[in-house]
Amino acid sequence: MKTDDFDYFLPKELIAQTPLKERDHSRLLVLDRKTGKIEHERFDDIIDHLNKDDILVINNTKVLPARLVGLKEETDAIIEVLLLKDLGDDIWECLCKPAKRVKIGTIINFNGLLKLKCTDIKEDGIRHFKFIYNGILMEILDRLGQMPLPPYIHERLEEKDRYQTVYAKEIGSAAAPTAGLHFTENLLNKIREKGIIIEEITLHVGLGTFRPVQVDDVTKHKMHSEFYSMKKETAEVLNKAKKEGRRIIAVGTTTTRTLETIMSKYGQFKECSGNTDIFIYPGYKFKAIDALITNFHLPKSTLVMLVSAFASKENIMNAYKEAVNQKYRFFSFGDAMFIK
């Protein structure tokens with residue numbers, strides 16, 4: 001299976017640079033994965049595709065203002081740091097550039113409010129840093145940090161919270177779970193009123209979101225691990241739904257990866273936490289989810305491989321071609337798909 005098999009043509013002007021004024025007014029492409037049939041709707045029509053007693057599972061992770069720009073002590077070289085993962089004891093895994101300027105012992109100063117001291121060197125520009133500061137770290141990051149928008153977004157984000165879901169609460173992500181950006185509190189309330197149960201899991205989105213697949217053979221790609229957790233009450237609701245044959249609908253690939261990780265590991269849902277590097281591509285047999293709400297993903301990315309595993313590569317490539325022809329907006333601030 002070749003990485004190039006998951007390529008598709010996308011005009012640059014279809015890459016969404018800013019969020020829509022109304023979150024739930026984005027377009028929605030509905031794909032029947034059994035028949036390949038496609039419908040074009042608006043995102044708030046999603047409620048018409050959800051049935052009473054369905055379980056909608058959302059990822060409640062919150063994005064860190066994780067992009068920091070500081071000066072290397074001694075040389076005043078500008079260093080950009082992207083926070084990826086809290087390793088504990090004020091040690092963080094970060095992506096930095098230019099990485100070649102950061103050696104073990106290098107100290108980067110951020111306006112005197114925060115200093116990072118390099119403690120370990122990893123591959124691909126990744127470094128471990130000891131954080132040195134006084135006060136509350138999250139308050140300092142709020143003052144210093146910027147939202148870590150993907151590199152294909154070149155417009156300035158006017159409101160930080162537009163790169164957060166309305167239900168974000170567990171801080172720790174380096175990127176937003178973007179399928180959830182379409183939901184509003186009002187839409188979520190209407191979904192609950194219809195009798196759909198909404199459950200939360202957590203997966204902190206890390207480096208995997210930013211890394212392209214750099215090997216020709218898909219099976220040789222190595223995913224970075226990301227922290228996930230599920231509460232006991234959620235596990236009980238999901239196990240009951242499985243037993244009764246009710247649909248479990250994942251909001252986003254991050255939610256999907258969490259649910260599939262837990263089912264693959266334990267054969268059921270259970271209270272747990274850990275790190276997952278699950279890589280889902282065609283040939284994978286889904287054990288947890290029955291439908292998926294997702295955005296349109298980058299060509300040759302692990303995410304387009306995941307949705308191809310769920311709906312078939314033929315259906316996905318056909319749907320993406322149709323979305324391009326219909327001038328849908330792509331990627332993080334773009335339109336959505338419902339794969340049923």
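**View 1. Asp54 and its contacts.** Leaving aside neighbours within four places in sequence, Asp54 is in contact with Ile196, Ile197, Arg247 and Ile249, where contact means heavy atoms within 4.5 Å. You will find Asp54 in the loop between strand S2 (38–42) and strand S3 (55–59); helices (H or I, at least four residues) and strands (E, at least two) are DSSP runs, numbered from the N terminus. Asp54 is buried, with a relative accessible area of 3%. Here buried means under 20% relative accessible area, exposed over 50%, and partly exposed in between, with a 1.4 Å probe and protein chains only. A polar atom of the Asp54 side chain lies 2.7 Å from the backbone nitrogen of Asn51.

A word on what you are looking at: this is a predicted model, in which local features need pLDDT of at least 70 and side-chain atom pairs count only at pLDDT 80 or more, while totals for chains, interfaces and linings use all residues. Residues are numbered from 1 along each chain as its sequence is written, and side-chain values use heavy atoms, with hydrogens and water left out.

**View 2. Helix H5 against helix H6.** Helix H5 (residues 302–311) and helix H6 (residues 313–325) pack at an angle of about 120°, their axes 7 Å apart. Axes are lines fitted to C-alpha atoms, for helices over the stretch in contact, and angles run from 0 to 180 degrees between N-to-C directions. H5 and H6 are therefore oblique to each other: angles under 35 degrees count as roughly parallel, over 145 as roughly antiparallel, 65 to 115 as roughly perpendicular and the rest as oblique. From H5, the contact is made by Val304, Val307, Ser308 and Ala311, and from H6 by Lys313, Asn315, Ile316, Met317 and Tyr320. These residues divide into 6 nonpolar, 2 polar and 1 charged. In that count, Ala, Val, Leu, Ile, Met, Phe, Trp, Tyr, Cys and Pro are nonpolar, Asp, Glu, Lys and Arg are charged, and the others, Gly among them, are polar.

**View 3. The surroundings of H5.** H5 is mostly covered, with 9 of its 10 residues buried. Among them are Met305, Leu306 and Phe310. The buried residues of H5 pack against strand S1 (27–31), helix H4 (253–266), strand S16 (291–295), H6 and strand S17 (336–339). Just after H5 comes Ser312, which takes a positive phi of about 90°.

**View 4. Thr253 in helix H4.** Look for Thr253 in helix H4. Thr253 is buried, with a relative accessible area of 8%. Not counting residues up to four places away in sequence, Thr253 touches Leu292, Thr294, His297, Leu303 and Leu306.

**View 5. Aromatic rings around Phe330.** A search of the whole structure finds 14 aromatic pairs. Rings of Phe, Tyr and Trp (its six-membered ring) pair if their centres lie within 6.5 Å; planes under 30 degrees apart count as stacked, over 60 as edge-to-face and the rest as tilted. Tyr320 and Phe330 form an edge-to-face pair, 6.1 Å centre to centre with 80° between the planes. This pair links distant parts of the chain, 10 residues apart: Tyr320 is in helix H6 and Phe330 in the loop between H6 and S17. Tyr320 is buried, with a relative accessible area of 0%, and Phe330 is buried, with a relative accessible area of 0%. Phe330 and Phe331 also pair edge-to-face, at 6.2 Å centre to centre and 85° between the planes. Ring pairs link Tyr8, Tyr152, Phe296, Tyr320, Tyr328, Phe330 and Phe331 into a cluster.

View 6. Most residues other than glycine have a negative phi, and most peptide bonds are trans. Phe331, in the loop between H6 and S17, has a positive phi near 75°. Phe331 is buried, with a relative accessible area of 5%. Asp89, found in the loop between strand S6 (78–88) and S7, has a positive phi of about 55° although it is not a glycine. Asp89 is exposed, with a relative accessible area of 68%. Finally, a cis peptide bond joins Lys97 and Pro98, with omega about -5°. Pro98 lies in the loop between strand S7 (91–97) and strand S8 (107–110).

Conventions
Polar contact = N/O pair within 3.5 Å; in protein donor to acceptor, adjacent residues only side chain to side chain.
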